[in-house]
Amino acid sequence: MRGVLLVLACLFATFSPLDCNQQGSIPEGDLLVLTVATQETDGFRRFLRSAKHFNYSIKVLGGGETWTGGDYMSPPGGGQKVRLLKSALEDIQEENRVILFVDSYDVIFSSGPKELLKKFQQAKHRVVFSAETLIWPDRHLEDKHPHVREGKRFLGAGGFIGYAPNLKKMLSDWSGADSDSDQLYFTRIYINPEKRKSINITVDSKCRLFQNLHGALDEVVLKFEDGRVRARNVLYDTLPVIIHGNGPTKLQINYLGNYIPNLWTFETGCTICNENLRPLSGLQESEYPVVVIGIFIQQPTPFVTVFFERLLNLKYPKNRIQLFIYNEESHHEPHVRTFLEDHESEYQGVKLIGPEKDIDPVTSRNIGFDMCRDNIDCEYFFSIDVDVVLKNEDALRILIELNKPFIAPMMTKPGRLWTNFWGALSADGYYARSEDYVDIVQGHRVGLWNVPYVSHIFLIKADALRTDLKDPDLFESSTLDPDMAFCSRVRNKGVFMFVTNMHTYGRVLSTENYQTNHLHNDLWQIFENPVDWEERYIHENYSKILKEAFIETPCPDVYWFPVFTDVACKHLIEEMEHFGQWSGGGNVDTRIQGGYENVPTIDIHMNQVGYEKEWHKFLLDYVAPVTEQMYPGYYTRAQFDLAFVVRYKPDEQPALRPHHDASTFTINIALNQVGIDYQGGGCRFLRYDCSIRAPRRGWALMHPGRLTHYHEGLPTVQGVRYIVVSFVDP
């Protein structure tokens with residue numbers, strides 16, 4: 001009797017016998033995914049990858065056509081999609097064929113056909129549209145939408161699934177233009193009770209199949225579970241199969257697309273980082289891609305000389321590199337000129353725009369891009385601001401091998417969460433912190449990340465510059481800074497901006513308080529850029545002092561250890577000679593308290609050149625730890641009354657008579673080299689009859705100042721000897 005009733009129910013069903021087939025699932029082979037893509041964008045490639053991950057069968061419509069269907073920034077539009085779909089359905093004759101029609105540039109699959117078809121079947125309708133929180137494009141139609149028991153009630157045209165005959169019927173009346181609104185067309189069908197019933201349409205009100213992000217960002221979170229990641233709607237506790245970044249939610253779909261489907265999980269890490277690579281190993285130098293490296297100097301910046309040293313050390317054939325150098329700062333002209341005089345001939349070509357050309361920074365960037373666009377051999381443009389500290393010599397090779405249209409290495413600032421990328425944007429287009437930002441910066445999540453903003457350094461394919469990014473106004477905006485305007489244009493052109501933290505690449509300098517009133521201004525960077533200051537000025541073996549007891553004792557309680565690099569010694573000497581106001585070496589000295597020096601030297605005090613704060617920082621950071629290790633139980637705050645550079649010359653002041661220092665301990669650092677820069681010199685401790693006659697450049701002598709270590713400066717007989725002396729804890 002029950003079977004008879006089921007048959008009768010099927011015979012008299014108002015709509016198709018879908019409910020009568022619930023006993024059996026829809027075969028996956030009956031499903032065909034149709035989408036429209038007139039260009040192969042990064043978003044389209046992402047869509048195809050997610051489809052391939054779940055083995056969806058995809059047919060792409062519109063290839064070779066010019067898109068005339070508008071865009072989300074300027075509604076209405078989308079009619080071109082309806083035309084293409086209607087035409088494609090004419091070739092489908094199978095009654096049981098299930099068609100999923102979705103957008104592609106901003107859509108990701110988060111699960112496979114089996115789950116999709118099961119949820120479609122459970123909807124108990126022949127056609128299921130995605131649902132929206134917001135009504136669009138005609139708000140006046142709101143009251144005509146049928147109410148639902150729970151969830152969203154407005155139709156979304158960016159995704160729907162249904163049986164081919166029902167979809168054909170739904171599209172049968174379409175005769176609109178390509179620029180007409182697909183959303184409005186489908187909405188009018190849905191709000192018509194007769195057509196809705198006849199075609200058997202419903203909306204996915206609780207986002208079981210489709211998740212539209214517009215108007216629903218607070219509802220969607222990432223769900224990591226059992227080595228899998230997908231989106232979860234927390235409002236309805238559902239797991240949508242298809243995620244659509246409709247309308248102005250492209251940044252959010254990009255964020256979700258960094259993980260879904262299984263691009264990055266806690267168990268596997270990055271699963272796509274080694275896909276579609278462009279390996280360079282094994283190539284002859286002549287086969288390497290030609291790269292234009294654009295170097296931009298737009299403000300006074302520390303360590304520019306070091307920047308060019310690192311540029312030289314890049315492990316990439318220089319005869320495959322062309323340099324574009326834009327320098328807006330006359331202060332840096334000597335640095336640029338010295339680099340080019342020594343190395344210009346090593347590169348394939350060099351173009352320099354100096355401050356005398358009076359070209360603004362935005363124009364300079366366009367000129368740099370054009371240098372690559374106009375050279376048929378150029379394959380990449382590598383943009384580097386001069387405040388970038390590119391420590392990784394393989395950086396250019398690594399970025400090229402990752403084979404992305406636009407990619408940037410993650411750069412940091414020591415001790416801060418600052419990086420050269422933003423994980424999200426605020427409503428007004430400025431910085432916002434994404435949920436994963438801290439984990440990416442701290443290296444807890446490593447991979448490739450599609451982000452909305454990068455700065456300071458990036459690699460871009462020449463093909464992108466010649467096509468999607470060919471416009472001359474990429475950096476121009478009435479409201480945004482040039483870097484933000486550029487990133488906005490790149491995003492709007494559908495080019496994904498990737499940042500990678502798969503390697504350590506380097507950092508970005510702080511330039512806010514950089515002064516240019518000295519000869520060697522980098523000496524003053526111990527506060528602003530301490531890591532770079534240390535790399536430039538602290539001896540490479542300094543770290544061994546504490547770790548490996550890399551220290552000598554040439555005389556009792558006298559300790560000898562490396563502290564300054566040759567560059568530090570050279571810069572201190574040149575800075576003092578540039579200042580030039582050496583004391584006369586007499587007992588009367590107005591620079592010191594009391595105005596009388598018992599044992600005078602020809603010298604310049606640190607406070608005369610404005611270096612006393614920096615010198616105190618140096619003593620605290622690099623001398624105090626050694627003091628506390630070598631003199632157990634003594635702790636210093638590195639206070640000093642006197643710190644000065646002394647000059648010894650045979651015809652000026654060759655030596656210094658025996659004396660005690662007015663200090664608890666004294667630091668004496670040799671700034672130049674005996675046997676090369678001068679002959680003679682050294683220090684003798686009379687109590688122990690112990691002399692150090694060959695002081696090493698950059699090495700410090702540390703000894704007690706009072707009572708026990710009566711000492712003298714031995715005669716310099718030829719050349720000029722420089723030392724820097726500090727009386728600590730007087």
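Q: What distance separates the centres of domain 2 and domain 3?
A: Domain bounds come from an automatic or database domain assignment. In this predicted model, that assignment divides the chain into domain 1 (28-247), domain 2 (291-507) and domain 3 (523-728). Taken over C-alpha atoms, the centres of domain 2 and domain 3 are 42 Å apart. Contact means heavy atoms within 4.5 Å, and 10 residues of domain 2 are in contact with 8 residues of domain 3.

Q: What is the mean pLDDT of the chain?
A: pLDDT is the predictor's confidence in each residue, from 0 to 100. The mean for the chain is 94, and 96% of its residues reach 70 or more. Over residues 1-22 the pLDDT is below 50, and this stretch has 11 contacts in the model beyond near neighbours in sequence. Where pLDDT is low, the predicted coordinates should not be read in detail.
Residues are numbered from 1 along each chain as its sequence is written, and side-chain values use heavy atoms, with hydrogens and water left out. In this predicted model, local features need pLDDT of at least 70 and side-chain atom pairs count only at pLDDT 80 or more, while totals for chains, interfaces and linings use all residues.

Q: In what order do the 7 strands of the open sheet lie?
A: Strands of a sheet pair through backbone hydrogen bonds, either parallel or antiparallel. Strands (E, at least two residues) are DSSP runs, numbered from the N terminus, and two of them pair if DSSP finds at least two bridges between them. Here the order is 28-29-37-33-40-31-30, with antiparallel pairing. Strand 28 (552-555) and strand 30 (603-605) are the edge strands, each pairing on one side only. Within the sheet, strand 33 (residues 665-670) and strand 40 (residues 721-728) are joined by 6 bridges; Ala670 has Ile723 as its bridge partner in strand 40.

Q: Which residues point each way from strand 23?
A: Buried means under 20% relative accessible area, exposed over 50%, and partly exposed in between (1.4 Å probe, protein chains only). From strand 23 (residues 448-451), Leu448 and Asn450 point one way and Trp449 and Val451 the other, and all are buried. Strand 23 pairs with strand 26 (residues 497-500) in the antiparallel sense over 4 bridges, and Val451 has Met497 as its bridge partner there.

Q: Is Thr419 buried or exposed?
A: Thr419 is buried, because its relative accessible area is 3%. Thr419 lies in the loop between strand 19 (406-409) and strand 20 (421-422). Leaving aside neighbours within four places in sequence, the residues in contact with Thr419 include Met410 and Val441.
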